[in-house]
Amino acid sequence: MTIPTQSDQQHAQETLAFIRRTMESASTFTPVSGWGLVACGAIGLVAAWLAWAAQIAADLRVWIPAAAISVVFASVANAQKARRLEVPVWSGAFRRMVWVMTPPILAGALLTFAMLVNDAPHMLPGIWLTLYGAGVTAGAIFSVRAIRWMGVAFLALGALALFTPGLGLIALAMGFGGLHIIIGLDIVWRHGG
């Protein structure tokens, strides 16, 4: 039996580090921050309250800033969790998740403009919820199971809002507020923050 030299030990550590990076880039994106989702949910509830106060369910003066602020909060929280877990934020799985989620989000922006031009703002809550749900559901194949169920729930709320426009604001509050908080707390509890 031979005793490994310092060079052998260093080579083994480098090999293990390579294997770890390779597995992380091929696996699911685990540093989704539950606290980031909770913050997004709180922002969503505030936005819903402001839209209710303005009596305009799809008030772009409320929802566009809320979406921008939510993206910032979620990005910072995901980066902090990734740093704490010592995994790269911009992993292969995360890049794929962003790539898959971007087209439905861009379609939502395009349809928002089309609905406003065609004087159909009552359709916006359903469009937003449905396309966000489609993006989240698609992107969730690279993430934890709770995110997948959140996407499916957004799709259901979107369908409700599309076929019952009078419930659009309630559906927005339940989705962008409640679902983010519930799934965020589940991730905090099950996946360490």
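**View 1. H5 and H7 run roughly parallel to each other****.** The label applies because angles under 35 degrees count as roughly parallel, over 145 as roughly antiparallel, 65 to 115 as roughly perpendicular and the rest as oblique. This is a predicted model, where local features need pLDDT of at least 70, side-chain atom pairs count only at pLDDT 80 or more, and totals for chains, interfaces and linings use all residues. Residues are numbered from 1 along each chain as its sequence is written, and side-chain values use heavy atoms, with hydrogens and water left out. The axes of H5 (residues 124-139) and H7 (residues 168-191) come within 9 Å and cross at roughly 30°; they are lines fitted to C-alpha atoms, for helices over the stretch in contact, with angles from 0 to 180 degrees between N-to-C directions. Helices here are DSSP runs (H or I, at least four residues), numbered from the N terminus.

**View 2. Who touches whom between H5 and H7****.** On the H5 side you'll find Pro125, Trp128, Leu129 and Tyr132, and H7 brings Gly168, Ala171, Leu172, Gly175, Phe176 and His180; contact means heavy atoms within 4.5 Å. Sort the residues of this contact and you get seven nonpolar, three polar and no charged (Ala, Val, Leu, Ile, Met, Phe, Trp, Tyr, Cys and Pro count as nonpolar, Asp, Glu, Lys and Arg as charged, and the others, Gly among them, as polar).

**View 3. A cluster of aromatic rings****.** Ring pairs tie together Trp63, Trp128, Tyr132, Phe154 and Phe176. Rings of Phe, Tyr and Trp (its six-membered ring) pair if their centres lie within 6.5 Å; planes under 30 degrees apart count as stacked, over 60 as edge-to-face and the rest as tilted. That rule gives five aromatic pairs. Take Phe154 and Phe176: their ring centres sit 5.2 Å apart with planes at 50°, so this pair is tilted. It links distant parts of the chain, with Phe154 in H6 (residues 145-163) and Phe176 in H7, 22 residues apart. Phe154 is buried at 0% relative accessible area, and Phe176 is buried at 15% (buried means under 20%, exposed over 50%, partly exposed in between, with a 1.4 Å probe and protein chains only).

**View 4. Ala146 in helix H6****.** Ala146 is buried, at 11% relative accessibility. Setting aside neighbours within four places in sequence, Ala146 is in contact with Ile183, Asp186 and Ile187.

**View 5. Positive phi at Gln55****.** Gln55, not a glycine, has phi near 60°. Gln55 sits in the loop between H2 (34-54) and H3 (60-85) and is exposed at 74%.

Terms used: Helix = DSSP H or I, 4+ residues; strand = E, 2+ residues; numbered from the N terminus.
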